Amino acid sequence: MEGTFAEQLREFLTYANATFLLSGMATTLVLSVSGCVIGFLAGFGLAAVRKAGGRVPWIVRALVAVIVEAFRRVPFLVTLLIVFFAFQLAGGNVSVLVVGIVSVSLIATGYLSEIVRAGLDGVHPNQWDSAIVANFTYLQTLRYVIVPQAWRVILPPAFGFFLMFIKDSALASQIGVVELTYVGKVLNNKGYTPALAFGSILVLYFVLSYPLALLGRYLELRLAQAKHH
Amino acid sequence: MPKLSITNLVADYASTRVLDGISLEVENGDVTSLIGPSGSGKSTLLRVIVGLLKPSSGSIRVDGRSIDYDHADDLRAMRDQCAIVFQAYNLFQNMTALQNITIGPVKIRGRNPIEVRGEAMALLEKVGLADKAGSYPDELSGGQQQRVAIARALALRPRLLLLDEVTSALDPELVTDVLDTIRMLLRDHKITMLVVSHEMGFVRDVSSRVVFMAAGRVVEVGTPAQIFANPAEPRTRDFISKVRTL
């Protein structure tokens, strides 16, 4: 495909290409959102288990620690391949998208669990004392006293992670998940100039992550103003 | 029957024996004060009583009933009767003064929020902080925070109130406020109290009995008059003479 940039652009802007790009963007969105949501919920749960001390058997806490550390230390791509081959071994006929979602959720769980734990640890121990002597259960203490105070510590790094995570979901293309980066590669291979193929996915990544960055900034600002919530 | 009865209580912390066979009794309606040099185990004793630290051996009885500190139901029952005010106030930082007082009765004990709110406002009134109901702890002075903490403890209607060096973290000019608040409470309510304090004048005024502790043991027990004017043990005499010259 030769010609001026304007001609190339005209050829690039077809309905088929647009839907292809948007479907890739949707897949990236699904991967990121499910990773962040599942990862945050599971990470929160694991952090709460690790923080529970003697209320949970030590073997459970140790197991949780091992899982969290493992998924934080193993490269994203390796986790992806392990999950991929684990599903193959299990013999289930599972789509690569599901493999991708499971992988990103595991990785996000590991990272977010540590972010949440740091937030819980940041609350002064005397807050626990007051709650315990007033007969708060562990979960009541977390809910009414600790978590409301931990948010301010948790939110900034959590949003930093979410933003990074949108980009990292591109690795799922390695096992054949047709997400945004994969779409860019396909378009490039079809002969569109890299400036258009990768330029368009760059814009779409920005469209995905910028609103999230704004939301994060807004929440941080609100937390800073209303010091107590 | 004594409200609280402690027998041969031993507690270790980081392989140090902090309580070395404490025995003492707190009678119903009495104010019992624990005095003694820093590190004698007074605050540790209070923390063991409310179950924030585990005893190594010995027994604690409330109303004659022995508390098994490994048993969640026992701990719960004991904490339902017993409230503690801490040296560093330990107010919930994410809640207003009023919320600090109401959360226990409402969320933990399931009492009627409107009724509890009324009681909480009355308590704030009593400790002179009705106008601070909507303030957060970091908007209050240390003395004000401690008075909120006292109101919070009272809202739990404790049968036994533990005060753990409640004025030690305060600026000197705020100490009187808090001590006057406690004096007033003692006038209006007959609450059984176990008090750890370095304020000797206060201890002398309010206590029915004074317990002098040193190195994790009870050295001497007596009325304030005995302990302050006529201590029997040399160690007590030594301590009293030192605090008096301050």
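User: How many helices and strands does chain B have?

Analyst: In this predicted model, chain B has 9 helices and 10 strands.

User: What makes the radius of gyration of chain B agree with that of a compact globule?

Analyst: The globule rule is 2.2 Å times the number of residues to the power 0.38. For 246 residues that gives a value near 18 Å, and chain B has 18 Å, so the two agree. Along its principal axes, the C-alpha trace of chain B spans about 55 × 45 × 35 Å. Buried residues make up 45% of chain B. Of the contacts in chain B with a separation of 6 or more, 66% join residues 24 or more positions apart.

User: Why is Asn100(B) called buried?

Analyst: The cut-off for a buried residue is 20 or more other C-beta atoms within 10 Å. Asn100(B) has 26 C-beta neighbours inside 10 Å, so it counts as buried. Its place is in helix α3 of chain B.

User: Which residues does Asn100(B) touch, not counting those up to four places away in sequence?

Analyst: Asn100(B) touches Leu91(B), Phe92(B), Met95(B), Val148(B) and Arg152(B). As for Arg183(B), 83 residues apart from Asn100(B) along the chain, the two C-alpha atoms are separated by 22 Å.

User: What makes α3(B) largely enclosed by the rest of the structure?

Analyst: The count of buried residues. In α3(B), 9 of the 12 residues are buried, so the helix is largely enclosed. They are Ala97(B), Leu98(B), Gln99(B), Asn100(B), Ile101(B), Thr102(B), Ile103(B), Gly104(B) and Pro105(B). These buried residues pack against α4 (113-126) and α5 (142-155) of chain B, together with α7 of chain A.

User: How does the reach of helix α3 of chain B compare with the expected value?

Analyst: The expected span is 1.5 Å times one less than the number of residues. Helix α3 of chain B covers residues 97-108, which is 12 residues. The expected value is 16 Å, and the helix reaches 17 Å from its first C-alpha to its last, close to expectation. After α3(B) comes Gly110(B), with a positive phi near 70°.

User: Why is Ala14(B) called exposed?

Analyst: Ala14(B) has 5, so it is exposed. This residue sits in the loop between β1 (4-13) and β2 (16-26) of chain B. Most residues other than glycine have a negative phi.

User: What makes Asp63(B) partly exposed?

Analyst: Exposed needs 12 or fewer neighbours, and buried needs 20 or more. Asp63(B) has 13 C-beta neighbours inside 10 Å, so it counts as partly exposed. Its place is in the loop between β4 (57-62) and β5 (65-66) of chain B.

User: What do β4(B) and β5(B) form, and how many residues lie between them?

Analyst: β4(B) and β5(B) form a hairpin, with 2 residues between them. Asp63(B) in the turn has a positive phi of about 50°.

User: How do you know that β4(B) and β5(B) pair?

Analyst: Pairing needs at least two bridges. β4(B) and β5(B) have 2, in the antiparallel sense, so they meet the cut-off. Arg61(B) stands opposite Ser66(B) in β5(B). β4(B) is also joined to β1(B), antiparallel, by 5 bridges. There, Val10(B) has Ser57(B) as its bridge partner.

User: Why are β6 and β10 of chain B called edge strands?

Analyst: The open sheet has 6 strands in the order β6-β7-β8-β3-β9-β10 (chain B), with mixed pairing. β6 (82-85) and β10 (217-222) of chain B are the edge strands: each pairs on one side only. The twist averages 20° from one strand to the next.

User: In which sense do strands β7 and β8 of chain B run?

Analyst: They run parallel, and 5 bridges join β7 (residues 160-164) to β8 (residues 192-196). Leu160(B) stands opposite Thr192(B) in β8(B).

User: How many residues of chain A are in contact with chain B?

Analyst: 15 residues of chain A are in contact with 18 residues of chain B. On the chain A side, α6 (125-133) and α7 (138-168) each supply at least two residues. α6(A) gives the most, with 6 residues. The chain A side divides into 7 nonpolar, 7 polar and 1 charged.

Conventions: Residues numbered from 1 in each chain as written. Chains lettered and ligands numbered in written order. Predicted model: local features only at pLDDT ≥ 70, side-chain atom pairs only at ≥ 80, totals over all residues. Helix = DSSP H or I, 4+ residues; strand = E, 2+ residues; numbered from the N terminus. Contact = placed C-beta atoms within 7 Å. Nonpolar A, V, L, I, M, F, W, Y, C, P; charged D, E, K, R; others polar. Axes fitted to C-alpha atoms, helices over the stretch in contact; angles between N-to-C directions.
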